[in-house]
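This briefing concerns the structure shown below.

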Amino acid sequence: TTGGSPQRGHRITEIAVVEIQEGVITEDFQTLVNPGRPIPPRIAQLTGITDEMVEFAPFFEEIAEDLYDWLEDRIFVAHNASFDWRFISAQLGDAIGFVPQVPRLCTVQMARRLVPALTRRNLDSLTRHFSIPVHSRHRAFGDALATARVLLRLLDEAGGRGIRDLTSLQHLLQG
């Protein structure tokens, strides 16, 4: 994103979806997005995404329906899910007028409950803990793929505790 808040006019600069079915990463969707505003230098430095890279990328409105289709009837999972969901829901609402009503899981919250011995639960700490390689950190696809792999490991941890369905997992996360 161009910053931390869609309410302040910040926008998505890149988006990626990694689909998992039956414990296997099966498909993905990824694209740069023209945010329609300059990318601040500190964001460009962090992500490596520059104004020149997104100049001819599609605007969010051009990919919104495809993204909606990727999200509909699925479980939305992200590392710090509330941050990502704020942007996705705001921009989908602006672009197409509706947002999929899907369950959401946050791998940060899952790690708090399932790997309580870790003192830090950022994506770097979790990937190190689980020995998961990360390619293109702070890029949408690299982070989404790393998060998918962390999710699979966290689901293994949950399974070891007898948690085998979404309802039981949500109950653990709320407790």
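Asp 124 and Arg 137 form a salt bridge in which the closest N and O atoms are 2.8 Å apart. This pair links distant parts of the chain, with Asp 124 in helix 6 and Arg 137 in the loop between helix 6 and helix 7, 13 residues apart. The model is a predicted one, and a search of the whole structure finds four salt bridges.

**The Asp 124 and Arg 137 network**

- Asp 124 and Arg 137 are joined by Asp 143 in a network of salt bridges.
- Asp 124 has a relative accessibility of 29% and therefore counts as partly exposed.
- Arg 137 likewise counts as partly exposed, because its relative accessibility is 26%.
- Side chains of opposite charge can pair when their charged atoms come close.

**The salt bridge of Glu 14 and Arg 139**

- The side chains of Glu 14 and Arg 139 meet in a salt bridge, at 2.8 Å from N to O.
- The two residues belong to distant parts of the chain, 125 residues apart: Glu 14 lies in strand 1, and Arg 139 lies in the loop between helix 6 (123-129) and helix 7 (140-160).
- Glu 14 counts as buried, at 15% relative accessibility, since the cut-off for buried is under 20%.
- Arg 139 counts as partly exposed, at 21% relative accessibility.

**The salt bridge of Arg 74 and Glu 19**

- A salt bridge also joins the side chains of Arg 74 and Glu 19, with an N to O distance of 2.6 Å.
- This pair links distant parts of the chain, 55 residues apart, with Arg 74 in the loop between helix 3 and strand 3 and Glu 19 in strand 1.
- Glu 19 is buried, with a relative accessible area of 5%.
- Arg 74 has a relative accessibility of 33% and so counts as partly exposed.

- Strand 1 (residues 14-21) is largely enclosed by the rest of the structure, because six of its eight residues are buried.
- Strand 1 pairs with strand 2 (residues 24-32) in the antiparallel sense, over eight bridges.
- Glu 19 has Glu 27 in strand 2 as its bridge partner.
- Two residues lie between strand 1 and strand 2, which form a hairpin, and Glu 22 in the turn has a positive phi of about 50 degrees.
- In a regular strand the side chains alternate between the two faces of the sheet.

**Negative surface patch**

- Glu 65, Asp 66, Asp 69, Glu 72 and Asp 73 form a negative surface patch.
- One of these residues, Asp 73, is placed in the loop between helix 3 (60-71) and strand 3 (76-78).
- Asp 73 counts as exposed because its relative accessibility is 73%, the cut-off for exposed being over 50%.

- Leu 46 belongs to helix 1 (residues 41-47).
- The relative accessible area of Leu 46 is 46%, so this residue is partly exposed.
- Between Leu 46 and His 138 there are 6.8 Å in space, C-alpha to C-alpha, although they are 92 residues apart in sequence.

Technical notes
Residues numbered from 1 in each chain as written. Predicted model: local features only at pLDDT ≥ 70, side-chain atom pairs only at ≥ 80, totals over all residues. Heavy atoms only, no water. Buried < 20%, exposed > 50% of the residue type's maximum accessible area, 1.4 Å probe, protein only. Helix = DSSP H or I, 4+ residues; strand = E, 2+ residues; numbered from the N terminus. Pairing = 2+ DSSP bridges. Patch = residues over 30% accessible without salt bridge, like charges linked within 9 Å, V, L, I, M, F, W, Y side chains within 5 Å. Areas by Shrake-Rupley, 256 points an atom, 1.4 Å probe, with all protein chains shown as cover. Lys, Arg positive; Asp, Glu negative; His and termini not counted. Charge placed at Lys NZ, Arg CZ, Asp CG, Glu CD.
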